Each structure stands twice: as C-alpha cells, then as structure tokens.
Amino acid sequence: MLETHFREQRADFDPRHDFHDRLFTLLLLASLILGFLWLDKPSGALIFDEKYYVNVARNILNLPRDPDVYPNATPGLDPNREHPFLAKGIIAFSIMILGDNAWGWRTPSVIFGNIGLFVFYLLVKRLSNRGDTALFASFLLSSSNLLFVHSRIATLDIFMVTFMLLGFYWYTADRRYLSAFSLALATLSKPVGLYGFFAIVVCHYVNVFVESRRAGKVFDWRTGLVWLRDYASIYVASGLLLLTIFDRIWVGYSNPLEHIVYIYSHYGSLTRGSPEGIESYPWQWLINEVRIPYLTVNVDVYTDSKLISSRPSVAFQGAMNPFIIYLAIPAIAYSVYSSYKKGSRTALFTTAWFALTYLPFYPMSIIGHRIMYLFYFLPALPSVCLSISYLFLDRRADRIVLLAYSFAVLLGFVMLFPFRQIP
C-alpha cells in the first residue's frame with residue numbers, strides 16, 4: 001500500500017540534528033514575522049472579500065456591521081450560505097477573542113498559513129525522503145505571493161488549503177481516517193476541498209495498480225473497494241455530521257442536504273459567456289494574467305494644489321510570483337514523465353495533486369461557462385512548488401543555478417510585496 005511505503009520513510013522533524021530542519025525553522029519564523037508584520041494596516045480597511053466575511057462574522061456575533069452587506073441577514077446566523085460555515089466560524093471565534101479589529105479578523109489566517117507551510121514541509125519530506133527537496137519546495141511556497149496574501153487576510157481559501165495539506169500528510173503517514181476527516185474539514189471551509197479527496201483516491205488507486213503490475217499480481221479490486229468504502233465513509237459521515245451541527249446552530253438549515261443543494265445550485269448559477277473585469281479563464285492563471293487589485297492605497301504629491309505624481313504605498317494583489325508560475329508547465333511535465341518512466345511516487349503524487357485540483361476548472365469553464373478568478377488556483381499552487389523543487393533536485397542542478405533561481409524568486413516576492421513603503 002502507498003501509505004505504508006510513506007510511513008516507512010523518515011519524515012521526523014528534528015531541528016536539533018537535521019540541517020534542513022534547522023533551516024526550515026528559520027524559514028518558518030521569517031514567514032510568521034512577515035505574516036504578522038503590519039497586519040492592521042491600512043488602518044480600518046477591509047481587503048478584497050474581507051468585506052463579506054468580516055461582516056458575516058460580525059453578524060454571527062451580533063456586532064455592528066456594514067448595512068450594505070447582506071442587508072436582510074438574520075442576526076446571529078451566517079448569511080453567506082454559498083459556502084459552508086467552518087472557516088467563517090474560525091474568523092468569528094477569533095473576533096470574539098481578540099476583538100472586532102484587524103488582529104481579530106486576520107490572525108487565524110496567519111496561523112493557518114504557517115501551519116500549512118509546516119505541514120507542507122513534512123509532507124514533501126515524507127514523499128521524497130529528502131530534506132533538501134522539502135526545504136526548497138517550502139521556500140518556494142513561502143515566496144508565493146498569492147498564498148502569502150491569502151495567509152494574512154480574512155478569506156476562506158487559506159483554511160481550505162491548510163486542511164487539504166493536512167489531509168495529504170495524514171494519508172502519506174498511513175492515517176487514512178485522519179486524512180479523510182481533514183479533507184472533510186477542507187470541504188467544510190470551501191467546497192473545492194472536495195478536489196483534494198478525489199486527488200487522494202486517484203493517487204491511491206493508480207499507485208496500488210502500478211505496484212500490483214510490478215509485482216506480477218492481479219489487482220485486488222475487492223481490497224481496493226474496501227479501502228474506498230472506509231475512506232469515503234469517514235469523509236462523508238464526518239462532513240455531514242459537522243455540516244448538520246453548523247447548519248442547525250449558526251446557519252439556519254435543519255437538513256444539511258438542503259444546504260448542499262443550495263450550494264450546488266448557487267455555483268451552477270455563476271456563469272457568463274466570457275470573463276469580465278477581474279474574472280479569468282483557468283489557462284490564463286498559468287501565465288499570471290488578469291491580476292486582481294485587492295486593495296490599493298496611493299500617495300499623491302501636490303504642488304500648488306496640482307497633482308504632479310501618484311504612486312501606490314500599499315498594493316494587495318491577487319497575483320502569483322512570476323518566477324514560480326512560469327515554471328509550472330515544464331515542472332509538471334517533468335513530474336508526469338518521472339511518474340511514468342521512473343515510477344517516482346513523489347512525481348505521481350504531485351501529478352495527481354495538480355491534475356485533480358486544477359484541471360476540473362477546464363470543463364467547468366469551457367462547457368459550463370463558470371465564472372472564475374485567479375485565486376482559484378490556490379489549492380494547486382503547492383503542487384507546482386513541489387514539482388519545481390523535484391525538477392531542480394532530481395536533475396541535480398548546479399548550486400549556482402539553484403542560487404540564481406532562488407534570488408529571482410525572492411525578487412519576484414519583493415516586487416509583489418503588498419507594502420511598498422513603511423506604513
């Protein structure tokens with residue numbers, strides 16, 4: 001079994017003795033500091049979809065909110081019914097503890113973003129059994145501007161991504177029930193967490209089938225179906241149970257199936273013949289097109305009451321580090337090649353991850369004309385970072401090449417860093 005193989009590999013985290021673990025500890029500390037840096041700036045501003053989710057949390061807690069956002073909302077209940085409750089509940093709980101301010105809104109995102117980075121490091125270390133691959137992949141993920149921005153604003157995506165990463169890690173650690181439960185939490189944060197469940201199922205069966213062929217055995221479909229029954233049962237049962245509890249207490253549904261039907265019908269209604277404004281096609285994400293201005297604060301310079309220049313002092317963008325996303329296609333292609341020719345389990349897992357969290361958007365766009373945005377790429381972004389790291393280190397790239405590329409990635413991160421001057 002795939003999980004057993006990964007369990008046998010060394011993936012302990014020991015910064016006292018492991019050089020890569022020590023370096024990762026420093027990387028995680030730097031990420032945490034940058035996450036909390038100027039977290040309450042710009043003062044009083046809501047960034048992008050915080051306009052909705054912060055006011056949803058306020059409504060849940062019966063706090064004063066913007067009357068123009070969900071004007072007919074029932075006090076004490078979640079009016080944002082197109083998404084499950086979990087991530088919004090975490091934001092509301094933080095506001096209840098830390099207050100209705102930027103620290104209350106955004107602290108959970110910073111914490112979950114860094115938990116996700118830590119879990120990603122452990123996941124890659126277990127997948128590859130190489131500390132250098134895990135360290136380099138984690139460096140790339142921490143330098144991914146889109147993920148960085150969502151790791152410090154009060155939106156739902158970072159919770160979904162972190163729970164998904166945790167589900168992937170538990171699967172490779174042979175904790176299938178914890179894995180299924182974590183992926184249920186990902187789906188309860190945002191419905192696209194369902195893609196993580198499919199990624200694990202596909203990866204599992206492909207790997208078991210390949211292992212059976214190599215051993216000269218016939219694939220045991222009965223055992224395979226038992227595994228799927230157990231894995232899917234935990235995913236569905238825990239998801240439905242928690243959805244029922246959330247809905248009855250904080251949303252207003254007595255039957256979770258009614259809520260699921262509403263979510264499905266709502267997503268089905270979000271269609272348009274062609275993208276407009278900040279909307280985009282999924283293939284545009286791979287070339288970083290249609291960036292989204294989340295929040296821009298300009299500094300205007302006047303002379304004799306005449307505007308002579310204007311420059312952004314704060315620019316939160318929905319955009320990906322160009323030096324990472326532009327390598328996505330060749331890196332994923334190499335993972336496909338390695339999984340087929342070399343039988344690399346790391347490459348297979350990466351390929352399944354990317355394919356199942358990104359490619360479903362193509363038929364949704366082409367056939368269903370679904371409205372989409374660049375940040376929908378977030379669940380697939382860690383797989384791109386892993387594939388790039390695998391490409392460089394599996395091909396044994398020269399150290400000077402790794403250093404030059406790392407410098408370029410840092411340059412891209414700085415170019416898109418949201419604060420252009422000290423607030």
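**A buried asparagine and the chain around it**

Modeller: N59 counts as buried, because its relative accessibility is 4%, under the cut-off of 20%. Please keep in mind that this is a predicted model.

Biologist: Which element holds N59?

Modeller: N59 sits in helix 3, which covers residues 50-60.

Biologist: And what does N59 touch, beyond residues up to four places away in sequence?

Modeller: N59 touches R65, A73, T74, P75, G76, L77 and P79.

Biologist: Let us step back. How many helices and strands are there in the chain?

Modeller: The chain has 19 helices and two strands. Its radius of gyration is 22 Å, close to the 22 Å that the globule rule gives for 423 residues, so the chain is as compact as a globular protein of that length. Along the principal axes, the C-alpha trace spans about 80 × 60 × 50 Å.

Biologist: What share of the residues count as buried?

Modeller: Of the 423 residues, 54% count as buried. The accessible surface comes to about 18,900 Å², and 64% of that surface belongs to carbon and sulfur atoms.

Biologist: What about contacts between residues at least 6 apart in sequence: what share join residues at least 24 apart?

Modeller: The share is 74%.

Biologist: And the charges: how many Å apart are the mean positions of the positive and negative ones?

Modeller: The mean positions of the 36 positive and 29 negative charges are 6 Å apart.

Biologist: What span should helix 6 have at 1.5 Å a residue?

Modeller: Helix 6 covers residues 131-142 and should span 16 Å. Its end C-alpha atoms are 16 Å apart, which agrees.

Biologist: Same question for helix 10: what should it span?

Modeller: The 21 residues of helix 10, residues 194-214, should span 30 Å, and the end C-alpha atoms are 31 Å apart, which agrees. Among the buried residues of helix 10 are Y195, F197, C203, H204 and Y205. Helix 10 is followed by G216, whose phi is positive, near 70 degrees.

Biologist: Where are D174 and H369 found?

Modeller: D174 is in the loop between helix 8 (157-172) and helix 9 (176-189). H369 is in the loop between helix 17 (361-366) and helix 18.

Biologist: Are they buried or exposed?

Modeller: D174 counts as buried, at 17% relative accessibility, whereas H369 counts as partly exposed, at 36%.

Biologist: You mentioned peptide bonds. Which residues does a cis peptide bond join?

Modeller: A cis peptide bond joins K41 and P42, with omega about -10 degrees. P42 lies in the loop between helix 2 and helix 3.

Biologist: Now helix 15, please. Is S335 buried or exposed?

Modeller: S335 lies in helix 15, residues 328-342, and counts as buried because its relative accessibility is 0%. Leaving aside neighbours within four places in sequence, S335 is in contact with A347, T350, T351, S387 and Y390.

Biologist: What about S339: what is it in contact with, again leaving aside neighbours within four places?

Modeller: S339, which also lies in helix 15, is in contact with S344, A347, L348 and T351. S339 and T351 are twelve residues apart in sequence and 7.9 Å apart in space, C-alpha to C-alpha.

Biologist: Finally, how many residues apart in sequence are L127 and S344?

Modeller: L127 and S344 are 217 residues apart in sequence, and their C-alpha atoms are 9.7 Å apart in space. L127 is in helix 5 and is buried, with a relative accessible area of 2%.

How values were computed. Residues are numbered from 1 along each chain as its sequence is written. This is a predicted model: local features need pLDDT of at least 70, side-chain atom pairs count only at pLDDT 80 or more; totals for chains, interfaces and linings use all residues. Side-chain values use heavy atoms; hydrogens and water are left out. Helices (H or I, at least four residues) and strands (E, at least two) are DSSP runs, numbered from the N terminus. The radius of gyration is taken over C-alpha atoms; the globule rule is 2.2 Å times the number of residues to the power 0.38. Buried means under 20% relative accessible area, exposed over 50%, partly exposed in between (1.4 Å probe, protein chains only). Contact means heavy atoms within 4.5 Å. Accessible areas come from the Shrake-Rupley method with a 1.4 Å probe; for residues, only the protein chains shown count as cover. Lys and Arg count as positive and Asp and Glu as negative; His and the chain ends are not counted. The place of a charge is taken as NZ of Lys, CZ of Arg, CG of Asp or CD of Glu. The expected span of a helix is 1.5 Å times one less than its number of residues.
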